[in-house]
Amino acid sequence: MSVAASADQEEKPRPVRASVVGSAEFVLPYHQDKDVRSFTFDAQAAPYSRPLPGISGGLPTDARGTVKVSHYSAERDITYTSKGRVDCLVTGVRTATLTAVITEVSPGGPPIVGKRVGFSVHDGGDSKGEGEGGGKGRAVACVLWPV
C-alpha cells in the first residue's frame with residue numbers, strides 16, 4: 001500500500017515486503033457462545049524462498065513467520081493453544097490470506113500437528129472510519145479454515 005504525502009502530511013514508512021502483524025479476538029457471528037478465540041500473527045512475505053518439487057525457485061506467495069491460536073472452551077472450561085509456521089501470504093487492500101502448518105498443540109487440543117490451516121484477515125480500520133486503522137477500536141475479522 002502506498003499513501004501519497006502532501007506538504008502537511010507526514011509520509012509513513014512503507015514495509016519492504018507485505019506483512020500481517022497483530023492479534024485479534026474472534027466471535028462466531030451466527031452462533032453466539034461464551035468461548036473466547038484469539039489469533040496472533042507475525043508473518044512476512046518471502047517471495048521465491050521455498051522451493052517445491054517442480055518449482056525450484058518457489059512461488060511469489062512464499063512467506064515465513066508464526067501464527068498462534070488460543071481457544072477458550074467455556075463448555076469444557078479449558079484453553080487450547082496451537083502454534084503454526086506460516087508458509088504462504090497474499091495481501092490486498094486491508095486484507096490478507098495466509099496459511100500455516102501447525103507445529104504445536106497444547107495437551108487435550110485437537111490432533112492437528114502437521115496439518116495446514118488457512119486464515120482470512122480483514123482490517124476494518126479504526127473506529128472513526130479512517131483509512132488504515134492503527135488504534136483503539138480497530139476492527140479485525142479473522143476466519144480459520146482447514147486446508
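## Chat on a seven-strand chain

Modeller: Buried residues account for 25% of the 147 residues in the protein chain. Keep in mind that this is a predicted model.

Biologist: What's the pLDDT average for the protein chain?

Modeller: The average is 80, and 75% of the residues score at least 70. Over residues 1-9 the pLDDT is below 50, and that stretch has seven contacts in the model beyond near neighbours in sequence. The pLDDT is also below 50 over residues 129-137, where the model has 15 contacts beyond near neighbours in sequence.

Biologist: OK, secondary structure. How many helices and strands?

Modeller: Zero helices and seven strands. Along the sequence the pattern reads β-β-β-β-β-β-β.

Biologist: And what share of the contacts joins residues at least 24 apart?

Modeller: Taking contacts between residues at least 6 apart in sequence, 39% join residues at least 24 apart.

Biologist: Switching to Asp62. Where is it?

Modeller: Asp62 sits in the loop between β2 (36-45) and β3 (63-73).

Biologist: Buried or exposed?

Modeller: Asp62 is buried, and it has no salt bridge.

Biologist: What polar atom does the backbone nitrogen of Ser49 lie 3.1 Å from?

Modeller: One in the side chain of Asp62.

Biologist: Which residues does Asp62 touch, not counting those up to four places away in sequence?

Modeller: The set is Ala45, Ala46, Pro47, Tyr48, Ser49, Arg50 and Asp87.

Biologist: New topic, Thr103. Which strand?

Modeller: Thr103 lies in β5, residues 95-105.

Biologist: Why is Thr103 classed as partly exposed?

Modeller: Because its relative accessible area is 39%, and partly exposed covers values between the 20% cut-off for buried and the 50% cut-off for exposed.

Biologist: What is Thr103 in contact with, leaving aside neighbours within four places?

Modeller: Lys83, Gly84, Arg85 and Val113.

Biologist: And how far is Thr103 from Lys115, in sequence and in space?

Modeller: Thr103 and Lys115 are 12 residues apart in sequence, and their C-alpha atoms are 8.4 Å apart.

Methods
Residues numbered from 1 in each chain as written. Heavy atoms only, no water. Helix = DSSP H or I, 4+ residues; strand = E, 2+ residues; numbered from the N terminus. Buried < 20%, exposed > 50% of the residue type's maximum accessible area, 1.4 Å probe, protein only. Lys, Arg positive; Asp, Glu negative; His and termini not counted. Salt bridge = Lys/Arg side-chain N within 4 Å of Asp/Glu carboxyl O. Polar contact = N/O pair within 3.5 Å; in protein donor to acceptor, adjacent residues only side chain to side chain. Contact = heavy atoms within 4.5 Å. pLDDT = per-residue confidence, 0-100.
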